[in-house]
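My notes follow in the order in which I looked.

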Amino acid sequence: MLLVNNENYWLTGNTLVFNPNLTNIHGDFTPEILKNTQSIILPEKLEVNSRLAFEGFHNVNSIHISKKNPKFVTIDGVLFLRNIKELIKYPCCKKEKVFLVPEGVELIEAHAFSHSKALVKVVLPNSLKNIALSAFNYCNNLQEISIPKNVLYVSDFVLANCGSLENIELYNGL
């Protein structure tokens, strides 16, 4: 069943599919799309992505992109830069309670984990250096996180509105 169709994307069932020829995505989605999308299929030719393009997709459980894309990759439905140095978006409705960010990730992008519903614990790698604005904002079930000693910068509101947080480990005077 096709719910929305335009030249840039279409929503079929609960899957938002982007035009394969798009090279850039902007976050200008209708409330209907934001509410009904559970899976996102990104265009193979995607080169530039507004880091906030996924903001508002609070029911997504997986993100996919062609293995041929030279800039981005998804691993188990999570979006990274191809070199795995930046975690861009963890889908809000992934079912895992614990997520281990892969070793090699140096940056967690703004709003990357925002509104994640099931996460109770996130394990960050020693390679991590920066955590961007509101990275874990509104992770209501998050109880435990340890910021590794190699982290040099933690932006504002990183753990804002995480009402279940019981244990935070910080190093280097962060």
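**Entry 1: the sheet and its surface**

I began with leucine 100, which lies in strand β11; strands here are DSSP runs of E with at least two residues, helices are runs of H or I with at least four residues, and both are numbered from the N terminus. I noted that this is a predicted model, in which local features need pLDDT of at least 70 and side-chain atom pairs count only at pLDDT 80 or more, while totals for chains, interfaces and linings use all residues. Residues are numbered from 1 along each chain as its sequence is written, and side-chain values use heavy atoms, with hydrogens and water left out.

Is leucine 100 buried or exposed? I found it exposed, because its relative accessibility is 58%, where buried means under 20% relative accessible area, exposed over 50%, and partly exposed in between, with a 1.4 Å probe and protein chains only.

Next I traced the open sheet, whose four strands run in the order β11-β13-β15-β17 with parallel pairing, two strands being paired if DSSP finds at least two bridges between them. Its edge strands are β11 (98-100) and β17 (167-169), each pairing on one side only. Within it, β13 (residues 121-123) and β15 (residues 144-146) pair over three bridges in the parallel sense, and valine 123 stands opposite serine 146 in β15.

I looked up serine 127 in the loop between β13 and β14 (130-131), and it counts as buried because its relative accessibility is 16%. Leaving out residues up to four places away in sequence, serine 127 touches Pro102, Glu103, Gly104, Val105 and Glu106, contact meaning heavy atoms within 4.5 Å.

Histidine 111, in the loop between β12 (107-108) and β13, has a positive phi of about 65 degrees although it is not a glycine; histidine 111 is buried, at 15% relative accessible area.

Aspartate 76, in the loop between β8 (72-75) and β9 (78-81), also has a positive phi, near 50 degrees, but aspartate 76 is exposed at 67% relative accessibility.
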